[in-house]
Structure formats: structure tokens, C-alpha cells
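Here are some notes to read alongside the structure.

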Amino acid sequence: MSITPSILWIGAILAGIPLQAPAALTESRLELERHGQDTTVRQQPEGNVVFTTSVDDTSSGSDTDTDITGDEEFFHGCLWTFRQQVELCEGGNCGTAEIMAHDLQRKLLAFYQNRSSSARPPLEEASWLAMGTTRDGRRELFESCPGLIVTVLLLMAEVLSFSGAAQAASAYADEATSFMGGLQQNDPVSFETMLDMFPVREAWAGHQEMLQTATQASTRAAPSLDIVIARCSSPLQWLW
């Protein structure tokens with residue numbers, strides 16, 4: 001591959017080395033733009049991109065209307081680049097979090113595929129998604145990444161059942177059930193894809209087991225305790 005003087009000059013700009021522009025570029029000017037990790041060089045006044053470090057979200061082979069048929073996996077599952085930014089405020093203090101779908105998917109699979117392993121449940125990420133969003137907001141997230149939201153809701157339902165917050169646990173479980181039922185009826189292919197991509201079955205089983213345990217605990221009589229103090233030839237005034 002041959003390296004033109006223009007490419008060398010652009011590289012020098014990015015490296016901060018002052019050089020005189022090639023003759024071919026003297027009639028126009030170049031502008032350097034930086035957005036996060038992406039750097040772009042544009043030729044003005046036309047605005048043409050001369051050089052960029054950014055990467056397209058989709059490949060050039062699939063970024064046309066004629067190539068998209070509607071049967072692609074990303075129409076039925078969850079894009080691995082899916083991310084959600086959440087903000088919670090209390091008083092004047094606000095906190096933010098960014099949840100990456102593929103990262104949370106990995107943690108959910110590690111936890112649910114072997115409950116006896118050392119993998120911790122991703123409670124922090126699940127709490128952000130469940131408690132930091134409204135029901136309408138979660139429905140929008142469900143439309144983009146069904147398995148992620150359903151599994152998170154079932155995990156939160158299990159946690160809240162364990163904590164004794166039966167009403168909140170039931171609300172999250174009912175929401176997950178509603179999402180799953182609608183998807184199974186309206187889009188069976190997406191429903192099966194959701195089950196393949198995320199541990200929805202395992203999350204449902206965990207919630208049901210914890211719900212049964214909590215129900216049995218609530219029906220048992222309160223425990224009683226008798227205390228016997230052996231203290232011979234001594235008054236018991238010290239008890240009070």
C-alpha cells in the first residue's frame with residue numbers, strides 16, 4: 001500500500017507535529033474533530049471526511065435496505081452493543097450507571113447456570129434497571145432487549161421475596177410474566193430466541209422456589225422460647 005503525502009500530513013496532525021500542508025490540500029482547509037475516542041478529519045468547506053478512527057455500528061454489507069429481510073437475529077434477540085444509561089436522584093444528589101447488555105448477560109448466565117458456584121448475582125445492575133426506571137421505560141427496554149429485562153425482573157422478584165417484600169416481588173414477577181406472555185403470543189420466534197440467549201427459565205425457577213419458601217415461612221406459627229436459669233440459693237432481683 002502506498003502512503004501519500006496527504007496521509008502522512010494527517011498523521012502528523014494527529015501526532016501534534018507541525019508540518020506544511022501538501023500542495024494538493026492548500027486550496028482547502030482541514031478540521032480536526034474529536035468525540036470521545038473517535039477522531040475525524042474533514043476537508044472544508046465541502047465537509048468531506050478525509051480520515052476517521054470511528055467504526056460503523058453495522059457492516060457495509062448489511063447497512064442497506066435491500067439486504068435487510070427482517071429475519072436477522074438482531075430483530076429477534078438483543079444487540080450485543082445494547083446499553084442503557086440510568087440516573088437516580090435523591091434530594092440534590094444524583095447517581096448514574098451505564099449497563100451493557102453483553103456484560104450483564106454474562107453475569108446472569110454465570111450465576112444461574114450454577115447457583116452453587118462462587119458467581120455472585122448481579123444485584124447492583126439489576127437494581128439500577130428495575131428501580132431506576134418506570135414501567136413504561138422498562139417496556140421500551142424490553143422491546144430492544146427482551147431477555148435482559150425479563151431476567152432482571154425475575155431476579156429482583158426473588159430477592160424481594162427473600163427480603164419479605166412480597167408486594168413488590170409480586171409486582172416485578174407479574175410484569176415479567178406479562179412481557180413473556182405478550183411476546184410468546186405475538187412473536188414466537190423472538191420468544192424462543194429470548195430463552196436461548198438469557199437464563200429466563202432458571203430465573204423463573206429461582207423465583208418460584210423462593211416464593212414457595214416465603215409462603216411456607218409465613219404460614220408457620222411464631223416460634224416460642226423458654227429460658228431456664230439455674231441459680232440456687234440466690235434472689236432473682238438481678239433480673240430486673
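This is a predicted model: local features need pLDDT of at least 70, side-chain atom pairs count only at pLDDT 80 or more; totals for chains, interfaces and linings use all residues.

1. Thr40 has a relative accessible area of 12%, and because the limit for buried is under 20%, Thr40 counts as buried. Thr40 belongs to strand 2, which covers residues 38-44. Setting aside neighbours within four places in sequence, the contacts of Thr40 are Glu31, Leu32, Glu33, Val49, Phe51 and Thr52.

2. Now for the overall layout. The chain contains nine helices and five strands. Read from the N terminus, the order of elements is α-β-β-β-α-β-β-α-α-α-α-α-α-α. The chain has 240 residues, of which 30% count as buried. If you take the contacts between residues at least 6 apart in sequence, 48% of them join residues at least 24 apart.

3. Ile99 sits in strand 5 and is buried, its relative accessible area being 5%. Which residues does Ile99 touch, not counting those up to four places away in sequence? The answer is Phe82, Arg83, Gln84, Leu104, Glu125, Trp128 and Leu129. For Arg83, the C-alpha atom is separated from that of Ile99 by 5.5 Å, with the two residues 16 apart along the chain.

4. Several of those partners lead on to helices. Leu104 is one of the buried residues of helix 3, together with Ala101, Leu108, Phe111 and Tyr112. Viewed down the axis of helix 3, its buried residues lie within an arc of 100°, so they line one face of the helix. Helix 3 is made of twelve residues, and the distance from its first C-alpha to its last is 16 Å, close to the 16 Å expected at 1.5 Å a residue.

5. Glu125, Trp128 and Leu129 are among the buried residues of helix 4 (residues 123-131), and so are Ala126 and Ala130. What covers the buried residues of helix 4? The cover includes two strands, strand 4 (83-90) and strand 5 (93-100). It also includes helix 3 (101-112), helix 5 (135-144), helix 6 (146-162) and helix 7 (166-186).

6. Next come two helix pairs that share helix 6. Two packed helices are described by the angle between their axes and the distance between the axes. For helix 4 and helix 6, the angle is about 105° and the axes are 9 Å apart. Helix 4 and helix 6 are therefore roughly perpendicular to each other. On the helix 4 side, the contact is made by Leu123, Ala126, Ser127, Leu129, Ala130 and Met131. Helix 6 contributes Leu148, Val152, Leu155, Met156 and Val159. By class, the residues of the contact of helix 4 with helix 6 are ten nonpolar, one polar and no charged.

7. Helix 5 also packs against helix 6: their axes come within 5 Å and cross at roughly 130°. Are helix 5 and helix 6 perpendicular or oblique to each other? At that angle, helix 5 and helix 6 are therefore oblique. Arg138, Leu141, Phe142 and Ser144 of helix 5 meet Pro146, Ile149, Val150 and Leu153 of helix 6. The contact of helix 5 with helix 6 has six nonpolar, one polar and one charged residues.

8. Helix 7 deserves a length check and a look at its faces. Buried in helix 7 are Ala169, Tyr172, Ala173, Glu175, Ala176, Phe179, Met180 and Leu183. These residues cover an arc of only 155° around the axis, which puts them on the same side of helix 7. Ala166, Gln167, Gln185 and Asn186 are exposed on the other side of helix 7.

9. I would finish with Met180, which is found in helix 7. Met180 is buried, with a relative accessible area of 12%. Leaving out residues up to four places away in sequence, Met180 touches Val150, Phe191, Met194, Val200 and Trp204. Met194 lies 14 residues from Met180 along the chain, and their C-alpha atoms are separated by 9.3 Å.

Technical notes: Residues are numbered from 1 along each chain as its sequence is written. Side-chain values use heavy atoms; hydrogens and water are left out. Buried means under 20% relative accessible area, exposed over 50%, partly exposed in between (1.4 Å probe, protein chains only). Helices (H or I, at least four residues) and strands (E, at least two) are DSSP runs, numbered from the N terminus. Contact means heavy atoms within 4.5 Å. Axes are lines fitted to C-alpha atoms, for helices over the stretch in contact, and angles run from 0 to 180 degrees between N-to-C directions. Angles under 35 degrees count as roughly parallel, over 145 as roughly antiparallel, 65 to 115 as roughly perpendicular and the rest as oblique. Ala, Val, Leu, Ile, Met, Phe, Trp, Tyr, Cys and Pro count as nonpolar, Asp, Glu, Lys and Arg as charged, and the others, Gly among them, as polar. The arc is that of the directions from the helix axis to the C-beta atoms. The expected span of a helix is 1.5 Å times one less than its number of residues.
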